[in-house]
Amino acid sequence: MSTDGLSAPAGFRRSLTIQRRVIGALLMREVITRFGRNNIGVLWLLGEPMIFTLGITTLWTLAHLVHGAGSIPVVAFAVTGYSSVLMWRNSVGHCCGAVQQNINLLYHRNVQVTDLLITRILIEVAGATASFIVLASFFTAIGWLAPPVDLALVLAGWLMLAWFGLSLAMTIGSLTAYSHLVERLWHPCAYLLFPMSGAAFMVDWLPSGMQRTVQYLPMIHGVELLRKGYFGNAVRTHFDIPYMAMCCTVLTVTGLFLARDVSRRVEQE
Amino acid sequence: MIHIDGVSKSYHTRFGRRTVLDRVSLKLERGRNIGILGRNGAGKSTLIRLLSGAERPTSGRIVRNMTVSWPLAFGGAFQANLTGLDNLKFVCRIHGVDWRTKVQFVEEFTELGVYFREPVSHYSHGMMSRLGFALSMAVEFDCFLIDEAMVVGDRRFHERCHVELFHKRKDRAFVLVSHDPGVIKLYCERACVLVDGHLHDFPTVDAAYDFYNALPAAPPASVEV
């Protein structure tokens, strides 16, 4: 009679099973509510980021904005750069207010605050990843983009960016549950971080003083690693993955702690 | 068993912290039931929210050794642009139930017809209520939480809810909160009275009933949270 997984004491494995099930259910619900069943439906998941990336690519190409790219074509530069931005910016963006928007779901005892956040992050990461793969394949097929030199490094850079997006989104997403102020402040921050995040430049182009400054931003190291993998020795890259990993670890722990605290404070209307 | 052990809950208001439940303790064995009587603002809904796990106690703890439902017929967790069927699937997936085995029951109980596959935003109040109740029944919980004020609808609907809950599932535990002593007397074997966040336990429903009716006529000035 007891519904499986609900009965206490629930061991760690059992909790993990429940969490997987809950996130799966939330994913399906979220995808339908956000993209609907009309026109291309779930394909908007990658359609949205693709349109963004294509827009930026066109803009940069027309404006010849990227100087000193040297051996890298603008398209290659824009696709790798802007896709990386989407990883953290969209994850955080959709986690803002996620708890308040889904507060009624907490009436289902299995649904936890972390599940709500992880669901939204997974969707954004999946969308950005799919968009990156489709665009990169397309531009490679028409000969505007050379295939990656070292796929393993590209993957490593991408995973690091995904981790960064996850940890930052957990933290900021939880913080927005404390105060709307966080959400208001995040938007200008995201806007200002974009040009500094390494999407539009390579660290090597900067004067050495500025190089050190921008390298405090964790996401830069992910983008540099990704480009190292994509373009190989055609570019000089500067990255410190242990530093980025440390930042992500701190943010992940902070995010999990905050999410737990939010679930204690949450008040239904 | 559900064990509520010294649970307090307070909320921040613009006038400082306000304690809604003050060191409440209660035990409910498997298959047993209890009615909780209280006036508006006594803390009934808060207690239900804590029992369902939608909110956490400020202090004290709640131990659940059986599965506890969300408040019966609660429709707040519905996604308006999902269909009734989508909502059934969602609830079933969350609780690890195969939704395919529940479609027939929910369709028959709700009598929604074609609307079952239409977005919930097109539903009337009564349709929402029927869907909410049916979904609560689709997951076979050990213990049901019933906020009597939440179950709205016509007499026929009430009768059918009655059959599902008190006849077909009479082996289950339940907690029923109400401001109406008549309802508690009708369904519960035991009753408590919640006054200003304090829970008074009584051996019999009649004793609780007498205590509740003897309370001062004017309820203390408090705000429903």
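**View 1. Strand E6 (residues 143–147) of chain B is covered on both faces.** On one side lie B:Cys143, B:Leu145 and B:Asp147, and on the other B:Phe144 and B:Ile146, all of them buried (20 or more other C-beta atoms within 10 Å of the residue's own, with C-beta atoms placed from the backbone; exposed means 12 or fewer, partly exposed in between). Five of the five residues of E6(B) are thus mostly covered. In a regular strand, side chains alternate between the two faces of the sheet. Strands (E, at least two residues) and helices (H or I, at least four) are DSSP runs numbered from the N terminus. This is a predicted model, in which local features need pLDDT of at least 70, side-chain atom pairs count only at pLDDT 80 or more, and totals for chains, interfaces and linings use all residues. Residues are numbered from 1 along each chain as its sequence is written, with chains lettered from A and ligands numbered from 1 in the order in which they are written.

**View 2. E6(B) pairs with strands E5(B) and E7(B).** Pairing requires at least two DSSP bridges between two strands. Strand E5 (residues 68–71) runs parallel to E6(B) over two bridges, and B:Pro71 has B:Leu145 as its bridge partner. Five bridges join E6(B) to the parallel strand E7 (residues 173–178), where B:Ala173 stands opposite B:Cys143.

**View 3. Helix H2 (residues 84–95) of chain B is largely enclosed by the rest of the structure, because 10 of its 12 residues are buried.** Among the buried residues are B:Leu88, B:Phe90, B:Val91 and B:Ile94. H2(B) is followed by B:Gly96, whose phi is positive, near 70°.

Key
The expected span of a helix is 1.5 Å times one less than its number of residues.
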